[in-house]
Amino acid sequence: MATRTFQGTQDTFTASGAELTYKGDALPGSTGDLSQRAFLVNPASTGDLIVTLDRSVGINTIEIFQDDDYTAGSAPSGYVKFFDIAKAGKGKGAVAVTVTNASKNYLVLMTTDDAYSEISYNGSVVVP
């Protein structure tokens with residue numbers, strides 16, 4: 001398993017490994033607004049894929065799911081696939097999914113306040 005770090009703003013994204021690919025708001029059904037940002041994770045093997053936001057400003061929620069099937073996969077023990085950062089009020093949180101098919105990509109989707117353009121975030125991904 002490899003641990004990769006990432007950081008971003010409304011318009012930028014950098015990651016420490018090639019397994020993470022920024023998608024921005026280029027998602028099916030996107031209207032091009034500022035309310036969502038996403039990145040893909042390409043796992044090398046099966047195991048638990050864990051995404052942790054260590055710090056965020058302007059991020060409301062974070063979720064993880066298989067890129068081609070929203071309902072596929074389950075969260076490993078002690079984790080959830082959807083976390084409401086705004087409700088928790090801490091600017092951080094974690095989501096995870098158990099990878100059973102390493103040929104599938106996983107999408108990490110973060111939602112923001114539509115009117116909030118000064119978002120920033122950083123965290124890590126444990127990639128199986």
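Student: Let's start with contacts. Of those between residues at least 6 apart in sequence, what share join residues at least 24 apart?
Tutor: In this chain, 69% of them do. Keep in mind that we're looking at a predicted model.

Student: Okay. What is the chain built from, in helices and strands?
Tutor: There's one helix, plus ten strands. Reading from the N terminus, the order is β-β-β-β-β-β-β-α-β-β-β.

Student: And how much of the chain counts as buried?
Tutor: The buried share is 42% of the 128 residues.

Student: Which residues have the most contacts inside the largest nonpolar core?
Tutor: Those are Phe6, Phe39, Leu49, Val51 and Val125, in a core of 22 residues. Several strands each give at least two residues to this core: β4 (36-41), β5 (47-57), β6 (59-66), β8 (93-99), β9 (106-112) and β10 (120-127).

Student: Let me zoom in on Val51. What does Val51 touch?
Tutor: Leaving out residues up to four places away in sequence, Val51 touches Phe6, Phe39, Ile62, Ile64, Gly93, Ala94, Val95, Val108, Ser124 and Val125. There's also another core apart from the one we've been discussing, with five residues that include Ala38, Leu40, Phe65 and Leu109.

Student: New topic: rings. How many aromatic pairs are there?
Tutor: The structure has six. One of them is Phe6 with Tyr121, whose ring centres are 6.3 Å apart; the planes sit at 50°, so this pair is tilted.

Student: Where in the chain do those two come from?
Tutor: Phe6 is in strand β1 (residues 2-9) and Tyr121 is in strand β10. They are 115 residues apart in sequence, so the pair ties together parts separated by that stretch.

Student: Are Phe6 and Tyr121 buried or exposed?
Tutor: Phe6 is buried, at 3% relative accessible area. Tyr121 is buried too, at 1%.

Student: Can you give me another ring pair? What about Phe13 and Tyr22, how are they arranged?
Tutor: Phe13 and Tyr22 are stacked, with 5.0 Å from centre to centre and 5° between the planes. Phe13 is buried, with a relative accessible area of 15%, whereas Tyr22 counts as partly exposed at 28%.

Student: Which residues make up the aromatic cluster?
Tutor: Phe6, Phe13, Tyr22, Phe39 and Tyr121 form one cluster. You've already met Phe39 as one of the residues with the most contacts inside the largest nonpolar core.

Student: Now for charges. How many salt bridges are there?
Tutor: The count is two. In one, Arg4 pairs with Glu19, and their closest N and O atoms are 2.8 Å apart. That pair links distant parts of the chain: Arg4 is in strand β1, while Glu19 is in the loop between β2 (13-15) and β3 (20-24), 15 residues apart. Arg4 is partly exposed, at 23% relative accessibility.

Student: And what does Lys104 form a salt bridge with?
Tutor: Lys104 pairs with Asp68, with the closest N and O atoms 2.8 Å apart. Lys104 is in the loop between β8 and β9 and Asp68 in the loop between β6 and β7 (82-84), so the bridge ties together parts 36 residues apart in sequence. Lys104 has a relative accessible area of 26%, which makes it partly exposed.

Student: What about Glu63? Where does it sit?
Tutor: Glu63 is in strand β6. Glu63 is buried yet has no salt bridge. The nearest side chain of opposite charge is Lys81, at 7.9 Å.

Student: Why is 7.9 Å no salt bridge?
Tutor: Because a salt bridge needs the nitrogen and the carboxyl oxygen within 4 Å. Glu63 does have a polar contact of 2.7 Å, side chain to side chain, with Tyr70. Beyond its neighbours within four places in sequence, Glu63 contacts Tyr70, Lys81, Phe82, Val95, Leu107, Val108 and Leu109.

Student: Last one: what does Thr98 touch?
Tutor: Thr98, in strand β8, touches Gly47, Asp48, Ser74, Ala75 and Pro76, not counting residues up to four places away in sequence. Thr98 and Gly47 are 51 residues apart in sequence, but 5.6 Å apart in space, C-alpha to C-alpha. The side chains of Thr98 and Asp48 make a polar contact of 3.0 Å. Thr98 is partly exposed, with a relative accessible area of 24%.

Note on methods
Residues are numbered from 1 along each chain as its sequence is written. This is a predicted model: local features need pLDDT of at least 70, side-chain atom pairs count only at pLDDT 80 or more; totals for chains, interfaces and linings use all residues. Side-chain values use heavy atoms; hydrogens and water are left out. A nonpolar core is a set of buried Ala, Val, Leu, Ile, Met, Phe, Trp, Tyr and Cys residues joined through side-chain atoms within 4.5 Å. Buried means under 20% relative accessible area, exposed over 50%, partly exposed in between (1.4 Å probe, protein chains only). Helices (H or I, at least four residues) and strands (E, at least two) are DSSP runs, numbered from the N terminus. Contact means heavy atoms within 4.5 Å. Rings of Phe, Tyr and Trp (its six-membered ring) pair if their centres lie within 6.5 Å; planes under 30 degrees apart count as stacked, over 60 as edge-to-face and the rest as tilted. Lys and Arg count as positive and Asp and Glu as negative; His and the chain ends are not counted. A polar contact is a pair of N or O atoms within 3.5 Å; within protein, one must be able to donate a hydrogen and the other to accept it, and residues adjacent in sequence count only if both atoms are side-chain atoms.
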